Amino acid sequence: MYAKGKEAVTLVLSASTRERNYWHALEARPALWRSGKLCRHGHFLVRNNTNKRSNQGFACSEYTSPSGVDAELSEAKIGSEYILHWAAWLAVLIDFDFTNMPIYHSMSDRTQPAKHFSFNVFDSYVGNERTTTELAFERDHAKLREAVFAVIHNNRIDDTMEQLYRRVENVNDDSMIVKLYETLKSVFTLYADELTWILKMLLSVGTPIAKKCIFLCMDQQLPLINSNFLQLWDLAVVLFRNTIIMHGSVQPRILKSLLDLIRQERCGASIEKGLLRSVVRMYSDLNLYHSHFEEPFIRQSRLFYDEEGKTLSQKMTISDYLIHVNRRIDEEEERIKMFLAGLTRAPLMSVLNSELISKRLSFLLSSLSSLILEHKFKELHLLYYLLSRVDNGVSNLRTEFKSIVMRVGCDIVDNPENSVEKDREMIQRLLEWKDTLTDSIREGFSDDSSFSRTVQDAFEDFINRRQNKPAECLAKYLDNQLRSSNRAQSEYEFDRLVDKILVIFRCIDGKDVFRAFYSSQLARRLLLGRSASVDAEKAVLSRLKQECGINYTRKMELMFQDIQLSLELSRGFRAHQTEVYAIDFTVNVLAPASWPEMPTLAANYPSEMLAIREDFEKFYVARHRGRRLTYIPSFGTCVVRAQFPSCTKELQVSEIQALVLLQFNGPADEPVSYTSIAEATGIEKSHLDRALLSFAASKTQRVLISLPLTSELTEKNQFYFNKKFTHHLTRIRFNQLQLKESAKEQKATENRIFADRVNHIDCCIVRIMKSRKTLDHNSLISETFQLLKFPLTQTDVKKRIEFLIGKDYLRRDPANSAIYHYVA
């Protein structure tokens with residue numbers, strides 16, 4: 001670089017023959033350069049001065065920067081010829097210095113005379129002598145410049161990459177390195193200014209890679225020379241970003257095209273994913289991804305999915321909508337893996353969760369009941385997965401789930417009409433509902449323990465809203481499963497059933513009610529021989545003992561001991577008999593403390609039966625002095641042999657039924673009146689009516705014929721022995737009535753439950769006052785409620801407090817009647 005006065009600095013470089021030919025080609029086509037878009041910004045006057053060798057070169061009378069070519073060029077259709085000559089012009093222009101070049105920023109600046117500057121050919125310049133190093137640098141500089149233009153325009157390079165690398169390596173002077181760097185910077189700048197076609201612009205991002213490989217040696221020395229110099233790759237990226245991508249007419253079009261492509265793909269269209277991936281990666285390399293792409297992309301995604309969520313939630317079923325949302329999530333995950341940055345995942349998934357799930361929460365939860373009741377566990381699992389992606393989604397799902405459990409459970413338990421059939425089906429429906437909920441939690445909610453606790457809380461709530469009845473029904477349901485006539489399932493299936501029953505049992509507060517009714521039913525099964533398996537009975541007692549403690553089942557275990565002792569006692573009595581009776585007699589001796597209260601019935605027995613009873617009493621008293629036997633016929637059974645004209649049958653009946661049948665040992669054609677039966681047996685009317693109807697009202701087991709046949713028997717009823725009776729069984733059961741609990745017996749059981757509860761309340765109050773000595777009324781009631789597990793009211797506790805005051809266990813404070821003192 002040589003100074004010519006203070007106004008101009010002339011950069012003297014060599015001009016190759018090829019470059020001069022380009023200039024002549026441009027001079028020969030002035031119309032091309034003066035026409036089209038380019039002439040609107042400036043024009044060039046080119047002439048060839050060949051007068052003197054010392055002045056050989058080119059003079060330019062006026063110049064405007066190509067960077068002025070902006071939006072109009074980006075929209076113009078540029079021909080290949082124009083691109084070729086434009087590139088040729090750049091190839092020559094890069095060799096010269098532009099510091100003295102006039103730059104016009106407006107049309108008003110052109111009123112000033114244009115400043116002329118000249119470019120003199122280096123090899124004919126008359127000046128200072130050049131050194132060998134400078135000459136070598138000029139040769140290498142020219143070769144490197146040609147190679148750079150060849151790389152830019154995808155032309156063939158004469159030298160190899162190693163030769164070019166060696167040429168750069170030979171540049172060891174700092175000033176030469178700076179000069180070479182400035183040349184490359186000018187090339188990059190001019191090349192970036194002319195890349196106005198969007199597709200060509202995008203494909204040009206990788207061009208600096210080849211240059212970086214060639215100029216690697218120079219790249220490494222630049223930071224040592226001047227820390228402000230950017231390395232070639234960074235320089236190319238900065239120029240590309242600032243000149244092209246951030247151009248006012250380019251950036252909006254690129255962004256709009258990107259967003260349109262993504263929207264088309266979301267709508268199901270096929271797009272060029274490679275191009276999309278390249279452009280997005282370019283944004284990332286230029287550090288424009290988050291500031292210029294991610295925010296508009298997220299904004300467009302929010303609008304798209306908001307509109308889609310509103311439309312599809314009104315058109316689709318819940319199953320289709322869940323599948324669609326899950327597919328959208330998978331598509332966006334795949335889109336992130338293919339061409340989006342990983343950091344975009346969080347905001348994009350937040351948009352999906354918000355627009356398709358959170359805002360449609362009411363729609364999603366409205367169909368939860370149908371998914372559970374119809375056993376659509378796959379869709380239920382998908383719903384749980386989607387709601388787990390949003391804040392409070394699972395919590396809202398759990399709340400709705402509990403309301404469904406409560407609604408269905410209350411419908412099963414509540415019985416305002418007092419329907420016997422509904423109460424009979426209550427436990428079976430509860431078990432089925434519990435199985436459905438268990439399957440829903442396991443398969444639909446990923447076995448979430450919080451949902452299991454929700455089910456437990458809900459069952460405890462709705463079951464105990466109806467006091468005592470669920471416990472009674474559960475005891476009767478278990479009794480029905482343990483009877484011999486209903487044991488069709490295997491041992492494994494029965495164990496599973498007991499497990500399910502115990503789940504319901506744990507939810508019941510009134511476990512004393514269950515024990516009372518279960519004890520009563522157990523006594524019937526043992527005394528009537530209707531238990532399917534002693535092992536099954538003892539297994540159930542063992543499970544109840546684990547749940548409630550040894551005292552809960554102690555009396556029931558003593559029942560089995562009494563039955564076993566009675567069998568041994570009966571064998572001893574038969575061995576002790578001196579004469580053979582016409583009746584085979586077996587007796588059960590029961591301890592009153594272990595067995596539930598049983599009704600006593602008065603009846604007139606035949607002399608043969610009375611004689612056996614008297615003999616047994618003598619036998620028993622002789623062995624157990626000081627004990628007294630009370631005969632209870634209500635659970636006694638008999639096997640009566642009946643001779644019919646066509647066959648002989650054995651009728652298994654109760655003692656009361658047997659006494660009734662004995663009245664028909666007379667002539668078969670003679671009727672027996674209701675009055676005569678009542679007088680001969682001495683049985684209470686209610687029990688007598690039940691016995692007679694069991695023989696006369698059954699369609700398949702009609703041993704007696706009643707005239708007239710009515711459900712209400714009176715003294716006018718006449719009964720005949722049915723000579724046409726037939727049955728496929730030899731032994732026929734008629735004593736099912738003994739298994740059914742009458743209203744009177746149920747009332748007695750309830751009274752026994754209340755009496756037991758009264759004792760528990762008294763013991764609890766005394767225990768509290770004994771430890772506290774003095775306590776106010778409200779505190780005493782509160783602590784009593786905390787200790788007692790069965791349902792009770794404040795009125796029940798107040799009555800027992802008054803009872804204990806009357807028995808001198810407590811006394812009121814003279815100054816304050818709401819305070820009680822314990823009386824030692």
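## A charge over a ring

The charged end of Arg 613 sits over the ring of Tyr 631, at 3.8 Å from the ring centre. This contact belongs to a predicted model, as does every other contact described in this report. A further contact of this kind involves Arg 398, which lies over the face of Phe 451 at 5.5 Å from the centre of that ring.

## Aromatic pairs

The structure holds 24 aromatic pairs. One of them joins Tyr 384 and Phe 451, whose ring centres are 6.0 Å apart and whose planes meet at 75°, so the pair is classed as edge-to-face. Tyr 384 belongs to helix H19 (residues 377–387) and Phe 451 to helix H22 (residues 449–463), so this pair ties together parts of the chain that are 67 residues apart in sequence. Both Tyr 384 and Phe 451 are buried. Phe 451 therefore takes part in an edge-to-face pair with Tyr 384, and the face of Phe 451 also has Arg 398 lying over it.

Phe 573 and Phe 585 form another edge-to-face pair, with 6.0 Å from centre to centre and 70° between the planes. This pair links distant parts of the chain: Phe 573 is in helix H27 (residues 550–576), whereas Phe 585 is in the loop between H27 and helix H28 (607–623), 12 residues apart. Phe 573 and Phe 585 are both buried. The two residues also belong to one aromatic cluster, which is formed by Phe 573, Phe 585, Phe 616, Phe 619 and Tyr 620.

## Salt bridges

How many salt bridges does the count come to? The count comes to 38 salt bridges. One of them joins the side chains of Arg 327 and Glu 331, with an N to O distance of 3.9 Å. Both residues lie in helix H15 (residues 318–339), where they are 4 residues apart, about one turn of the helix. Arg 327 is partly exposed, with a relative accessible area of 41%, and Glu 331 is also partly exposed, with a value of 28%.

The side chains of Glu 355 and Lys 359 meet in a salt bridge with an N to O distance of 3.1 Å. Glu 355 has a relative accessibility of 1%, so it counts as buried, whereas Lys 359 is partly exposed at 46%. Glu 355 and Lys 359 also belong to a network of salt bridges, in which they are linked with Arg 302, Asp 306, Lys 310 and Arg 360.

Arg 772 forms a salt bridge with Glu 783, and the closest N and O atoms are 2.8 Å apart. The pair links distant parts of the chain, with Arg 772 in helix H32 (residues 743–772) and Glu 783 in helix H33 (residues 777–787), 11 residues apart.

## Cysteines

A disulfide is a covalent bond between the sulfur atoms of two cysteines. A search of the whole structure finds 0 disulfides. Cys 763 is accordingly in no disulfide, and the nearest cysteine sulfur, that of Cys 764, is 8.7 Å away. This distance is not within the 2.5 Å that a disulfide requires.

Cys 473 counts as buried, at 9% relative accessibility, whereas Cys 763 counts as partly exposed, at 45%.

Technical notes: Residues numbered from 1 in each chain as written. Predicted model: local features only at pLDDT ≥ 70, side-chain atom pairs only at ≥ 80, totals over all residues. Heavy atoms only, no water. Salt bridge = Lys/Arg side-chain N within 4 Å of Asp/Glu carboxyl O. Helix = DSSP H or I, 4+ residues; strand = E, 2+ residues; numbered from the N terminus. Buried < 20%, exposed > 50% of the residue type's maximum accessible area, 1.4 Å probe, protein only. Phe/Tyr/Trp six-rings, centres within 6.5 Å; stacked < 30°, edge-to-face > 60°. Lys NZ or Arg CZ within 6 Å of the ring centre and 35° of its normal.
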